[in-house]
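Q: Hi! I'm new to this one and would like a quick tour of its side-chain contacts. Could you show me the model?

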Amino acid sequence: INEFSMFTEPRGLGMEMLIEQLSHQNSFLVRLVPEGKVDKIKFTETTAQEISISFVYKNEKTECEVEYHFLHKQVGVRNLEFSINGTTFKREVGEAYKQKLISGGQEIPIEDPFAISISMFVNAIRGEGDPLISGAEIIENLSLQDTLVKAYLGAIH
């Protein structure tokens, strides 16, 4: 993976956008580029309504250019779009919260990822399988989130 970007529309403003959404972006990234390290963090937008972060996330096998874009949206279905190596996927939410990914003219029906994660977590507690996210991925995600939040605080002060 050389390139990963994600666009989301959190309800919070400013720092609240990061608190609400960073763990989701990071979950994708740490799965795609495990055991990565952050380099070259840059903020191109840092308003209460919009935050854009770019950085390099690299491990011993790859160097991935990453962009996260957060745009405040208070009401309604919040859009989500991500791109991996130039291939873009847009989540569409329809009636009864039915979801699909759209990419290159193809529509792929998907289950609600949050519901899947909770179900897998509950099953893991019961001893019936593994959670969606491993302990190592959670720690890497939190470390990445900590690094990005500290960089954001430095950028706005």
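Q: Thanks! Let me pick a residue: is Glu137 buried or exposed?
A: Glu137 is buried, with a relative accessible area of 13%. Keep in mind that this is a predicted model.

Q: And which residue does Glu137 meet in a salt bridge?
A: That would be Arg31, with 2.6 Å from N to O. The pair links distant parts of the chain, 106 residues apart: Arg31 belongs to helix α1 (residues 15-32) and Glu137 to helix α3 (residues 135-156).

Q: Is Arg31 buried, exposed or partly exposed?
A: Arg31 counts as partly exposed, at 45% relative accessibility.

Q: How many salt bridges are there?
A: The count comes to 7. One of them joins Lys150 to Asp146, where the closest N and O atoms are 3.1 Å apart.

Q: Where do Lys150 and Asp146 lie?
A: Both are in helix α3, 4 residues apart, which is about one turn of the helix. Lys150 is exposed, with a relative accessible area of 55%, while Asp146 is partly exposed at 38%.

Q: Nice. Which residues do salt bridges with shared partners join into one network?
A: Glu92, Lys100 and Glu107.

Q: Let's switch to rings. How many aromatic pairs does the structure hold?
A: There are 8. Take Phe55 and Tyr68: their ring centres are 5.5 Å apart and their planes sit at 85°, so this pair is edge-to-face.

Q: Why edge-to-face?
A: Because the planes of Phe55 and Tyr68 are at 85°, and an angle over 60 degrees counts as edge-to-face.

Q: Which strands do Phe55 and Tyr68 lie in?
A: Phe55 lies in strand β3 (residues 50-58) and Tyr68 in strand β4 (residues 63-71), so the pair ties together parts that are 13 residues apart in sequence. Phe55 is buried at 2% relative accessible area, and Tyr68 is buried at 1%.

Q: How are the rings of Phe82 and Phe89 arranged?
A: Those two form a stacked pair, 5.1 Å from centre to centre with 20° between the planes. Phe82 is buried, with a relative accessible area of 8%.

Q: Last one: which residues form the aromatic cluster?
A: Phe4, Phe28, Phe55, Tyr57, Tyr68, Phe70, Phe82 and Phe89 form one cluster.

Conventions. Residues are numbered from 1 along each chain as its sequence is written. This is a predicted model: local features need pLDDT of at least 70, side-chain atom pairs count only at pLDDT 80 or more; totals for chains, interfaces and linings use all residues. Side-chain values use heavy atoms; hydrogens and water are left out. Rings of Phe, Tyr and Trp (its six-membered ring) pair if their centres lie within 6.5 Å; planes under 30 degrees apart count as stacked, over 60 as edge-to-face and the rest as tilted. Helices (H or I, at least four residues) and strands (E, at least two) are DSSP runs, numbered from the N terminus. Buried means under 20% relative accessible area, exposed over 50%, partly exposed in between (1.4 Å probe, protein chains only). A salt bridge is a side-chain nitrogen of Lys or Arg within 4 Å of a carboxyl oxygen of Asp or Glu.
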